[in-house]
Structures are given as structure tokens and as C-alpha cells.
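Let's take a walk through this model together, from a pocket to the core and on to the repeats. Have the viewer open as you read.

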Amino acid sequence: QICNQHNAEAPNLEQTFHRMAQTEPSLDHDVSWFLLPSHWAKTVVALISFLCFANSYDGDFVFDDSEAIINNKDLRAETPLGDLWHHDFWGSKLSSNTSHKSYRPLTVLTFRINYLFAGGFYPVGFHVINIILHCTISVLMVDVFSILLGGLQFSNKGRRLNLAPKTSLLAALLFAVHPVHTECVAGIVGRADLLCALFFLLSFLGYCKAFRENKEGHNFSIFWVLVSVILGAIAMLCKEQGITILGLNAVFDALVINKLNILELIQKLLHKDKSLENSGLLRKGLLFRITLLMSGGATILYIRWRIMGTGPPAFTEVDNPASFADSLFVRAINYNYYYSLNAWLLLCPWWLCFDWSMGCIPLIKSVSDWRIIALAALWFCLIALICQALCSEDSHKRRILTLGLGFLIIPFLPASNLFFRVGFVIAERVIYLPSIGYCILFTYGFSLLSKQAKKKKILAVAVLGILAINVVRCALRSSQWRSEEQLFRSALSVCPLNAKVHYNVGKNLADKGNQSAAINYYREAVRLNPKYVHAMNNLGNILKERNELQEAEELLSLAVQIQPDFAAAWMNLGIVQNSLRRFEEAEQSYWTAIKHRKKYPDCYYNLGRLYADLNRHIDALNAWRNATVLKPEHSLAWNNMIILLDNTGNLAQAEAVGREALELIPNDHSLMFSLANVLGKSQKYKESEALFLKAIKANPNAASYHGNLAVLYHRWGNLDLAKKHYEVSLKLDPMAPGTKENYNLLRRKLEQLQKKGG
């Protein structure tokens with residue numbers, strides 16, 4: 001549908017488009033830069049953006065990837081697709097009190113497709129898609145910047161003209177190689193920002209198409225305005241920032257299509273100037289389009305609000321300490337300091353960190369803090385730019401500066417803490433879209449310098465140098481994102497006061513078996529943040545394994561005192577108390593853990609072990625059965641049930657449980673071994689032998705497997721095979737209990753048989 005509404009006293013928009021190129025100066029006129037055909041410019045941008053991040057293609061799943069992808073059940077085929085629309089980004093129900101309310105079902109859907117095509121959690125496919133998305137976005141930026149910097153102009157055939165080919169190429173290159181984008185591209189969770197940016201740009205380009213000249217000679221197409229709204233909604237379903245494109249489309253319409261002078265308009269509104277009715281604001285087309293955009297945005301937000309629920313997301317003080325400050329002054333001053341740090345990351349993206357929380361940026365609590373200078377510098381620059389954007393007599397300058405500030409500030413608003421509390425201090429990924437505004441302002445500044453400079457080529461070489469440095473920085477930063485060890489260690493020099501950095505380095509070391517080094521990092525994390533319960537829990541676990549039970553109990557007791565609903569710490573405290581033979585306290589700790597986490601199979605497993613130690617066999621079996629109901633693949637719980645039933649002489653029940661377990665976990669060699677033992681005692685030798693051999697094939701270096709198979713052959717009368725497997729068992733473990741005695745008995749029996757035969 002085409003809208004055919006005109007204001008009789010306003011100039012025809014169609015005529016405005018034709019005059020645009022002639023009435024406004026071109027940024028390219030004084031710029032010494034490469035002039036390439038459109039397809040070559042896009043090819044260059046694509047290749048350079050690929051070069052920046054190509055080395056991340058074979059990286060691991062790191063940091064938040066574990067929760068958003070590996071532990072997210074919404075990626076699995078058995079999870080109904082409909083659940084994606086009721087769960088948050090991390091796979092939790094939106095109605096849950098613990099949900100972060102990050103509603104990004106389309107991003108999760110792409111993860112699910114990645115998982116299905118790869119046949120499992122293989123990170124290469126995930127990384128490749130991220131790289132392709134960034135390259136695609138960078139190519140689209142050539143078109144976007146040509147409109148933002150050169151204006152919107154169409155040929156007689158309806159083809160959009162690029163009136164700023166040099167500066168749009170420069171701005172797109174600046175965007176493509178900005179190191180702050182590394183988190184979005186090299187971190188798989190950054191897919192949300194990439195998809196959001198893709199549909200964000202498509203929405204903008206779609207809105208521009210609404211003004212393409214057509215055969216009927218009408219002013220704008222309602223169809224393309226509605227398409228733009230739909231694409232904005234899709235962007236929001238990828239990440240929350242996407243909704244801001246509707247506001248930016250309205251700003252673009254007012255400034256570029258209708259060429260409003262904002263300062264003049266404000267003055268007329270204040271003075272109730274009668275000429276206001278002739279201004280661009282009252283053109284029916286503009287009001288109608290803005291009404292469509294705002295109505296669409298309000299509808300989208302209402303639907304999202306209904307799906308998400310009315311409750312705000314639950315964050316803790318360590319996530320965003322400024323938002324929990326009692327003083328409004330402290331909150332305001334620290335929010336502004338965070339803004340200045342974000343601006344600095346755009347200007348000088350050298351100090352990058354995967355996480356900026358937990359003491360990385362200490363709170364400003366007094367005006368005597370020297371960091372106030374950063375706030376002053378930020379607002380001095382912003383006010384200067386805003387004054388130029390409003391008051392300059394050059395309409396071209398007003399338009400570019402306003403668009404630059406708009407694209408810098410508006411996409412950042414959801415992360416600004418102004419409307420609601422966010423769960424981070426600084427997050428490099430949220431600067432992906434605002435960097436568009438930075439690139440506009442940088443490029444405009446470069447054009448102004450070029451206009452004044454006598455040696456333009458030197459200036460161009462300097463900008464080329466900046467681009468080259470950024471390419472190298474992107475490649476280096478991408479390599480750090482390839483593994484958790486490199487990523488976490490890279491943060492130690494940037495945020496040495498960040499307890500989470502030390503915690504993650506310690507966790508990575510512990511996962512690799514280096515417990516001694518891990519302990520030091522966990523201790524430092526607790527020193528930096530004495531309420532860091534997760535660090536206390538992990539440190540307590542390591543100390544428990546090293547049999548340093550007293551300190552482990554102290555740490556875990558402190559953790560549950562600080563956070564009484566910390567189920568994992570309650571369970572681990574129960575394990576320590578069990579080891580200290582304080583059985584009643586251990587039982588109480590286990591039940592407290594289960595109270596706070598109803599579906600906790602590992603806790604039921606440990607509770608079963610406690611009951612087994614106390615010879616409460618029925619209670620033990622019930623606890624392990626609960627563990628297997630909650631987690632059918634819980635091999636240890638199945639094994640313990642089989643062994644307990646075997647040891648208490650309930651061979652028929654043990655056999656039934658073993659067969660049930662193997663149906664659920666058919667490739668578990670430990671279950672094969674346990675069931676084989678039961679079958680052997682029941683004199684089902686052939687079936688027992690088959691299971692032993694299958695278990696040995698799966699795990700050929702288990703001495704007990706060979707030893708127990710030898711016992712089976714010994715009972716069965718296959719003495720030569722018994723001798724063979726006794727010898728293999730003793731070779732693998734010379735100290736295996738009972739094996740040497742059984743082997744000696746077999747040898748004596750064989751000697752007796754030889755004597756009788758002789």
C-alpha cells in the first residue's frame with residue numbers, strides 16, 4: 001500500500017530527494033581516501049573483517065557459552081520448540097524468580113540449529129556462523145554509512161545513489177576492525193548482538209526503501225514502513241537493544257527526509273509560533289510514519305512484557321554494585337563514570353576484559369576522587385557535540401552530528417541503568433551497535449581535518465595506521481578468546497581487583513588438575529570479595545579432596561551463612577561433615593540442600609551414601625532411586641544400588657536394577673561390570689562373560705575387570721582363561737586386593753591337575 005498524503009504548503013518530498021545531492025556538500029570532496037566501486041568496497045570490507053576474526057573459528061566454548069549453550073536444554077532435540085518462547089536466553093523459565101528475563105528466542109533457535117547440524121556440541125560451526133554474521137553486518141554498513149553520511153538519494157530508475165563512497169568505506173572499515181567487537185564475534189554468546197545488529201540494519205535499510213521513487217510518483221510506501229517495524233521486532237527477539245531502531249528510524253525521518261531544524265522547532269514550540277503549522281513536524285506523512293513506528297514499538301513492548309512477566313530480573317550487588325548504592329548521588333556519579341569508560345573503550349580499545357564486575361571498577365563515593373575528571377571530559381565532549389548538532393548554521397553538519405549522536409546514544413539506552421537495573425558494570429558486547437555512532441563521528445572528524453590539512457595524504461596514512469593497529473589487536477584478542485585459560489589470564493593485567501577473574505583462573509586450573517595453583521587464585525578471589533560464596537564453595541571442595549576438612553567446613557559454613565539458599569554449598573558441607581563422621585549434621589545439610597533445590601540428584605546420591613554408611617539400606621536405596629528418577633543417566637547411583645543389593649544377597653533385585661540401568665545407559669562399562677558380577681554369582685556364566693568382555697573392551701586397563709572375569713572363569717572351570725586374566729590384572733595392578741591370592745590358588749590347582757595327569 002502506498003500513502004498519497006501531502007501537505008499543500010510543504011515542498012514535495014520527491015523534489016527534495018532530487019535536490020539533495022546538489023544542495024548539500026559532500027563529505028568526500030576534501031577527503032584523501034580510496035574511491036572504489038560499490039561491489040569492490042564491500043568485498044574489501046568483507047575480507048578485512050574476516051581477517052580480523054578468522055583465527056577464532058576453532059576456539060572452544062568459553063565463559064558464558066557453557067551456560068547458554070552446553071547446559072541449555074533448549075538446544076536439545078527432545079525439548080519442544082515451543083519452550084523457546086517461554087524460556088530466557090539461558091534456558092530458565094521466564095516466570096522463575098532466578099530468570100534474568102533476557103528474552104532472545106531467535107538467537108537460541110540459531111544455537112539449536114547449529115547443534116542439530118553439527119550433531120552435538122562442536123564449537124567450530126558456532127564460531128563460523130558468528131564470523132559470517134560479522135562480515136555480513138560489516139558489508140551492510142557500507143550502505144548504511146553511505147545514507148547516514150551522504151544522505152538518501154535515488155536515481156530516476158529508483159536505484160539508491162551512494163553520495164559518500166569514500167567516507168562510507170572508511171566508516172565501514174572502522175566498524176569492521178574495531179577490537180571491542182571481539183567479544184561478540186569470538187564469544188559464541190555474542191551471537192545475540194550480531195543477529196540483533198543484522199536485523200537492526202535491515203530495518204533501517206527497509207525504512208529507507210519506503211522513500212524510493214516509484215512509477216506512481218507517490219511519496220512513501222506504508223509497506224516498507226511496516227516491514228521496518230517487523231524487522232525491528234525480529235531484532236528485539238534476538239536481543240533487547242533491537243527495539244531502539246524504531247526510534248532511530250523516526251530520528252532519521254525527521255532529520256534526513258524532512259530536514260527538520262531541531263533548535264528552530266523547539267524555539268517555535270516555546271513561542272507558539274504560528275508558522276509551526278508549516279514546519280516539517282506537521283507534515284501529515286511524517287506524523288503518520290512516526291505514529292506507525294511508535295504504535296508498532298509499543299505493541300512489541302507490550303507483547304514482550306506479557307510474555308516476560310511483570311517481575312524485574314534478579315541481580316546481585318556484585319553484578320552491578322552502583323545500582324545497589326543507597327545514595328542517589330553515588331549511583332548517578334558511578335553510572336556516568338561507566339559511560340565514560342564505555343566511551344574510552346570506543347576511542348582506545350586496548351584494555352579489554354571478559355568481565356568488569358566484582359571490584360574491577362571500585363565505586364566513586366566522593367567528588368574528591370580523581371576519576372571525576374573522566375566524567376567531566378565525557379560531558380564536555382558530549383555538550384560540545386550537542387551544541388554543534390543543534391546550533392550550527394550548516395544543515396549538513398547538524399544532520400551528521402545528530403545522527404552520529406543518535407546512533408551512539410539511543411542503542412546504548414537499554415544498558416544505561418536509566419530505565420532498569422542491568423546485570424553488569426561494563427559489557428563490551430553492548431557497544432556493538434553504539435559503535436556505529438562512533439564511526440560516524442570519527443569519519444566526520446576526519447573529513448573536517450582533511451578539509452583543513454595541507455598534506456591530506458599524511459592524514460590518510462595515519463588513519464590507515466589506526467586501521468592496521470586495530471586489525472592486529474582484533475587478531476590478538478580473538479586468539480585470547482579461543483580458550484578459557486588464555487581469556488581468563490588476559491584479564492589479570494586489566495582487572496587485577498576483579499574477584500571473578502581470579503575465580504575463573506582458579507576454576508580453569510582446578511579443571512586441569514592443578515589444585516595447588518587453583519587454591520591460590522580461589523584464596524585471592526575470597527580476599528578481594530569476602531562474600532564470594534562460589535569461590536568459597538570451590539575452595540572448600542578442593543580442601544575436602546585434600547583431606548583438609550576443618551578449613552573446608554569453615555569455608556562452606558560461611559558460604560551458607562552468607563547465602564542460606566546456596567544448595568551446592570549445603571551439599572558439599574554435608575559431604576565434609578560425613579567425612580568427619582558427624583552423620584546427623586551431614587544428614588541435616590543434605591536435606592537443607594534438597595529443600596532449596598528440589599530436583600538435586602547429586603545430593604540424593606550423597607544422602608544415599610550417608611545412609612549406606614549407617615547401614616540404613618532401605619533409606620539408601622530410596623535416596624539413590626530418587627537420584628535416578630531425577631537424572632536417569634546417573635551412573636553412580638545405579639551402580640551403588642546394584643552393589644548394595646548384591647552385597648546384601650538380593651541377587652534377583654540387583655539383576656533387575658542392573659538390567660534397567662543398562663537399558664537407560666547401554667554404553668556404561670561400570671554398569672556392565674556390576675551386573676556381570678551379579679550374573680556370575682547367579683551362575684549365569686555365559687551372559688556374565690559377555691558383559692565382562694564388553695566392559696573390558698570399553699575400558700581395557702581396568703585391573704578389577706580382568707580380575708573379576710578371572711574369578712568367573714575360575715568358578716566356571718575355564719582355568720586357562722582364568723590364569724590369563726589374573727596375569728593381566730596383576731600386570732595392570734600388582735597390588736590388586738585378592739587377585740594375587742586367587743591367582744596363587746589357581747596355580748596350585750593347575751599344578752595338582754598336572755601331577756594327576758602325569
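What volume does the second largest pocket have? The model is a predicted one, in which local features need pLDDT of at least 70 and side-chain atom pairs count only at pLDDT 80 or more, while totals for chains, interfaces and linings use all residues. Residues are numbered from 1 along each chain as its sequence is written, and side-chain values use heavy atoms, without hydrogens and water.

The answer is about 980 Å³. A pocket here is an open set of points on a 1 Å grid over the protein atoms alone, with protein on both sides within 12 Å along at least five of seven lines, and lining residues have an atom within 4 Å of a point. Volume is the space filled by probe spheres set on the points, which are joined across faces, edges and corners. This pocket has 34 lining residues, and Tyr339, Ala343, Leu378, Leu382 and Leu408 lie nearest its centre. Two or more lining residues come from each of helices H13 (328-347), H14 (372-391), H15 (395-409) and H16 (435-452). Helices are DSSP runs of H or I of at least four residues, strands are runs of E of at least two, and both are numbered from the N terminus.

Now turn to the packing. Of the chain's 758 residues, 52% are buried, meaning under 20% relative accessible area with a 1.4 Å probe, protein chains only. The largest nonpolar core holds 209 residues, and Phe145, Leu148, Phe204, Phe252 and Ile436 have the most contacts inside it. Helix H5 (residues 123-150) gives the most to this core, with 12 residues. Such a core is a set of buried Ala, Val, Leu, Ile, Met, Phe, Trp, Tyr and Cys residues joined through side-chain atoms within 4.5 Å. Beyond its neighbours within four places in sequence, Leu148 touches Phe204, Phe252, Arg399, Ile400, Leu403, Phe407, Ile436 and Ile440, contact being heavy atoms within 4.5 Å.

Residues 601-634 are 79% helix and 0% strand, with end C-alpha atoms 8 Å apart. For residues 703-736 the figures are 82% helix and 0% strand, and the end C-alpha atoms lie 7 Å apart.

Technical notes: Buried < 20%, exposed > 50% of the residue type's maximum accessible area, 1.4 Å probe, protein only. 1 Å grid on protein atoms, 1.4 Å probe; cavity = no way out; pocket = protein on both sides within 12 Å on 5 of 7 lines; lining within 4 Å.
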